[in-house]
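Colleague: I would like to learn how to read a structure like this one. Could you walk me through it, feature by feature?

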Amino acid sequence: MYKYDEYDQAIVDARVEEFRDQVRRRLAGEISEDQFKPLRLMNGLYLQLHAYMLRVAIPYGTLNATQMRMLAHVARKYDKGYGHFTTRQNIQYNWIKLDEAPDILAELATVEMHAIQTSGNCIRNISSDQFAGAAADEVEDPRPWAELLRQWSTFHPEFTYLPRKFKIAVIGAEEDRAAVKLHDIGLQLHRNDAGEVGFRVFVGGGMGRTPMVAPVIRDFLPKADFLSYMEACLRVYNRYGRRDNIYKARIKILVHEIGAAEYARQVEEEWAHVKTLGLDAPAAEFERIAAFFAPPAFETGLSDTIDRSDPDFAVWLDQNVSAHKAPGYAVVTISLKPTGGIPGDATADQIDLMADLAERYSLDELRITHAQNVVLPHVRKADLYAVWQALDASGLAAPNLDLIGDIIACPGLDYCALANARSIPLAQKISQRFAATQHDLGELKLKISGCINACGHHHAGHIGILGVDRKGVENYQLLLGGSAAEDASLGRITGPGFDEDGVVDAIERAVDTYRSLRTEGERFLDTYRRVGMAPFKEAIYG
Amino acid sequence: MKLLTGNDLATGDVIWWAGDGWSRHIAEAVDVGPHAETLAAVEEAARRVNGPYAIDATQGPEGPRPAHIKDRIRAAGPTVRADLAIRPADANRGEWVI
């Protein structure tokens, strides 16, 4: 894992003290809320329905046990004993007091954490593949590049006031576990015909009010040109992105309006100039960063045999454990989606337990996933049973990864000031309704957003749900056919919306339709793509 | 009736204008009639509230009930965490919100 150097620590410490003074001035009446709001947002502090909410960055979703324990400590000392892991691999605390926020940031800084780039029209926290450095299908570890982006983008003077927020994801495998095509910029390390590794660059994806799947604007970017090309992409957006209309300000609108080819041409033109400025990281600096992500010292000669005699363990093993690149190791995904639970929420005790398990069994590493789960990336197969037993004893062994119960849901109207409808109660009802049948249904990604901003990724769900406000009453639109993976697609609305119970029933009818139409090995999404909307619509609306 | 609500500047708590100050309990909220704007300006300037705004509500047997579900959730707490409700022991809370 990356370790701060003196510059990293100095800027984070300085930011804490700067914010402490800004809070003091706000509480003393020296600055107004209009003046203070952009300052607190730059430090991840929002005002939500019930209290201030602090969003803490977890760069590319990677952290160690000490950092994880700090997250538990913050939950216990400053919040109400829990945190909410988000769809951008961050964590949010829902019950923060303004005058304690600087102390929280100061404590986070002691373990190299902060809340910078978790709000505002800047380049947000970089996200990545939660299996990075462990995945069996990886071409190259994307995290050094994500870290380079973090350093390049932090307080970048030119890109601190972009037309709108800007989200970048980086992966290094063919399987897309980070939804790169639904980001402002998605980067995929891949090998070209000459056997060289470089980046495929997607620009202009996103969800929200106007969902779009990003086109490729460059199929192969040499690694040596990485930062200068990123700079050119951002410069074109910063210059031509619309600032007159917040709903048209994201880069996806610019790319869509001028066309991917024209945007790519402008980037190339800008890049020809930017390349001469010496912005690309010196090889020595990149190697310094990359050294922090060198593969850990995996033990050799380990057995791949796993005792499957405990049937409950075997179910979890088949569902939540993935292939690792090192023999004798496996990747464990801890589902934060117990039946009837709140997606993404974890108590301070659970966070501590996951930290303990990481320290003891996963070479001191954890990852947060955009699907609001937690990963232990390097677990010896011989330790899997012990890990499962510890998780099971703490309500963390739900064997439902990528099943219908593994629901992505935003906080919705229970917490969020922007929401139009609640997401969590719906997730709870759906997970309860399908608890007994979810394994038979196979991979079925269900995603719920409580408003059009789509924090719950409803456009990208095999089944998506969008909560809307219909004259003060919650109403839910149903979408089918979305995907955030390498086969990215946007869901289509089935028809008129439903009330809370109605949408659960409608999902059951859609699922029953899938069961009756599926062929051997077909996922829900495959069947939908083969037969189209009509039979599902017929079943849902009769 | 019109209620005035906002968040406590320092704690972020949801608060309601109760006639002679702010309360965390909507049952103590009073009708501010046409005075919401003036009150909001005075209280915000005094840093006793953050982001005050007026809402429509109806008077019921248990006190005021906001017209919009968002403000009912603000008044009661998250519907999915009864333990974190403003009045955790209130068994009728869910019905009141929905």
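Modeller: Gladly. Let us begin with sheets: two strands count as paired if DSSP finds at least two bridges between them. Keep in mind that this is a predicted model.

Colleague: What is the order of the strands in the open sheet of chain A?

Modeller: The order is β1-β2-β5-β4-β13, an open sheet of 5 strands with antiparallel pairing. At its edges lie β1 (45-47) and β13 (345-347) of chain A, each pairing on one side only. On average, neighbouring strands are turned by 30° against each other, direction ignored.

Colleague: How many bridges join β4 to β13 in chain A?

Modeller: Strand β4 (residues 82-85) of chain A is held to β13(A) by 3 bridges, and the two run antiparallel. One residue to look up is A:Y82, whose bridge partner in β13(A) is A:T347.

Colleague: Which helices pack against these strands?

Modeller: Helix α3 (residues 65-78) of chain A lies across β4 and β5 (91-96) of chain A, and runs at about 15° to β5(A). Helix α4 (residues 101-109) of chain A also packs on the sheet, where it touches β1, β2 (52-56) and β5 of chain A. The direction of α4 makes about 15° with that of β2(A).

Colleague: How is chain A divided into domains?

Modeller: There are domain 1 (6-109), domain 2 (134-291), domain 3 (311-393) and domain 4 (408-541). Taken over C-alpha atoms, the centres of domain 1 and domain 2 of chain A are separated by 27 Å. In the contact between them, 4 residues of domain 1 meet 4 residues of domain 2. By class, the domain 1 side has 3 nonpolar, 1 polar and no charged residues.

Colleague: And how many residues of chain B are in contact with chain A?

Modeller: Chain B has 21 residues in contact with 22 residues of chain A. On the chain B side, β4 (50-60) and α2 (69-76) of chain B are the elements that give two or more residues. The largest share, 4 residues, comes from α2(B). By class, that side divides into 9 nonpolar, 8 polar and 4 charged residues.

Terms used: Residues are numbered from 1 along each chain as its sequence is written. Chains are lettered from A and ligands numbered from 1 in the order in which they are written. This is a predicted model: local features need pLDDT of at least 70, side-chain atom pairs count only at pLDDT 80 or more; totals for chains, interfaces and linings use all residues. Axes are lines fitted to C-alpha atoms, for helices over the stretch in contact, and angles run from 0 to 180 degrees between N-to-C directions. Two residues are in contact if their C-beta atoms, placed from the backbone, lie within 7 Å. Ala, Val, Leu, Ile, Met, Phe, Trp, Tyr, Cys and Pro count as nonpolar, Asp, Glu, Lys and Arg as charged, and the others, Gly among them, as polar. Domain bounds come from an automatic or database domain assignment.
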